[in-house]
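Please walk me through this protein in the viewer, one selection at a time. I would like to know what to pick at each stop and what is found there.

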Amino acid sequence: MRLGLIGGTFDPIHYGHLVTAEVARYELRLAKVVFVPAGQPPHKPGRQVSPALHRVAMVRLALTSNPHFELSTMEVERPGPSYTVDTVKEFQRLYREAEIWFITGADAVAEVPTWNRAEELLQLCRLVAVARPGYTLRGCAGKQTELPDLWRKIHVMQVPGVAVSSTEIREWVRMGKPIKYLLPEPVEEYIAQHGLYCG
Ligand code: ATP
Ligand code: MG
């Protein structure tokens, strides 16, 4: 069985994440896609990430309408920064027979060579790079020599583009602009109820 994993800060989760996961599930015949919200991400030390409690709650709300989507709190429950390689290892232990596919956007995949134990990660799973509006996969070209194995193992996938990012959504909330149709309605309501991203 094939298992999809998608990691991120999901601050907040939006349709870009959801459409990407759904297309990957269909195209790669994944039995399910597990969303793994990050704890305090090692790659975003400069920005204050919302408490895991809120990010997890929003992911949970966003996933209810898809029976093939699941939430894992593995990373938020682990103390200290989490590395993808450890997460994938843990999933491989939980699902011994599974072939794991790790789904990333074009921006995230360019960072893979800088990830902790990237070579080991690539032994453990397959990587899917999804073209993301506003980012080019060609941006990775310069790094090909750093980790040649990586580029051979990456599966590139085109997804109908949803040109939205969590950064933009946070900014729009702060400016009082509408975020309707960029993310599921229950998530939009949650943001309003808890006054997230206002300050
Ligand atoms: P931020 O702006 O805070 O970085 P984000 O929108 O990039 O948020 P993340 O939680 O950083 O969301 O992303 C999680 C994963 O989803 C990453 O692999 C990222 O590349 C991918 N992703 C995010 N938005 C999109 C999108 N619109 N289309 C395709 N992939 C996306
Ligand atoms: Mg991002």
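**Whole chain.** Begin with everything shown as a cartoon, and keep in mind that this is a predicted model. The protein contains nine helices and six strands. It has 199 residues, and 46% of them count as buried. Among the contacts with a separation of 6 or more, 76% are between residues 24 or more positions apart.

**The sheet.** Select the strands. Six of them form an open sheet in the order β3-β2-β1-β4-β5-β6, with parallel pairing. At the edges are β3 (69-71) and β6 (154-157), each of which pairs on one side only. Averaged over the sheet and with direction ignored, neighbouring strands are turned by 30 degrees against each other.

Now zoom in on residues 32-37, which make up strand β2. Three bridges join β2 to β3, and the two run parallel. Pick valine 34 to see what it faces: it stands opposite glutamate 70 in β3.

**Helices on the sheet.** Next show helix α1, residues 15-27. Helix α1 lies across β1 (2-8), β2, β3, β4 (99-105), β5 (126-130) and β6, and runs at about 145 degrees to β2.

**The cores.** Switch to side chains. The largest nonpolar core has 33 residues, and those with the most contacts inside it are Ile13, Val33, Phe35, Met58, Ile103 and Ile191. Two or more residues each come from α1, β2, α2, β4, β5, α8 (166-175) and α9 (185-193). Helix α2 gives the largest share, five residues.

Centre on isoleucine 13. Leaving aside neighbours within four places in sequence, isoleucine 13 is in contact with Leu18, Phe35, Met58, Val59, Ala62, Leu63, Leu183 and Val187. Apart from this core lies another, of 21 residues, including Leu3, Trp115, Cys125 and Ala129.

**The rings.** How many aromatic pairs does the structure hold? There are four. For one of them, select phenylalanine 10 and phenylalanine 35: the ring centres are 5.8 Å apart and the planes are at 45 degrees, so the pair is tilted. Phenylalanine 10 is in the loop between β1 and α1 and phenylalanine 35 is in strand β2, so the pair ties together parts that are 25 residues apart in sequence. Both phenylalanine 10 and phenylalanine 35 are buried.

Two lysines are the next stop. The charged end of lysine 177 sits over the ring of tryptophan 172, 4.2 Å from the ring centre. For lysine 180, the charged end sits over the ring of tyrosine 181, 5.7 Å from its centre.

**Last stop: valine 128.** Select valine 128, which is found in strand β5. Is this residue buried or exposed? Its relative accessible area is 0%, so valine 128 is buried. Valine 128 and phenylalanine 102 are 26 residues apart in sequence, yet 6.0 Å apart in space from C-alpha to C-alpha. Show what surrounds valine 128: with neighbours within four places in sequence left aside, its contacts are Leu28, Trp101, Phe102, Ile103, Thr104, His155 and Met157.

Definitions and conventions:
Residues numbered from 1 in each chain as written. Chains lettered and ligands numbered in written order. Predicted model: local features only at pLDDT ≥ 70, side-chain atom pairs only at ≥ 80, totals over all residues. Heavy atoms only, no water. Pairing = 2+ DSSP bridges. Helix = DSSP H or I, 4+ residues; strand = E, 2+ residues; numbered from the N terminus. Axes fitted to C-alpha atoms, helices over the stretch in contact; angles between N-to-C directions. Contact = heavy atoms within 4.5 Å. Core = buried A, V, L, I, M, F, W, Y, C linked by side-chain atoms within 4.5 Å. Buried < 20%, exposed > 50% of the residue type's maximum accessible area, 1.4 Å probe, protein only. Phe/Tyr/Trp six-rings, centres within 6.5 Å; stacked < 30°, edge-to-face > 60°. Lys NZ or Arg CZ within 6 Å of the ring centre and 35° of its normal.
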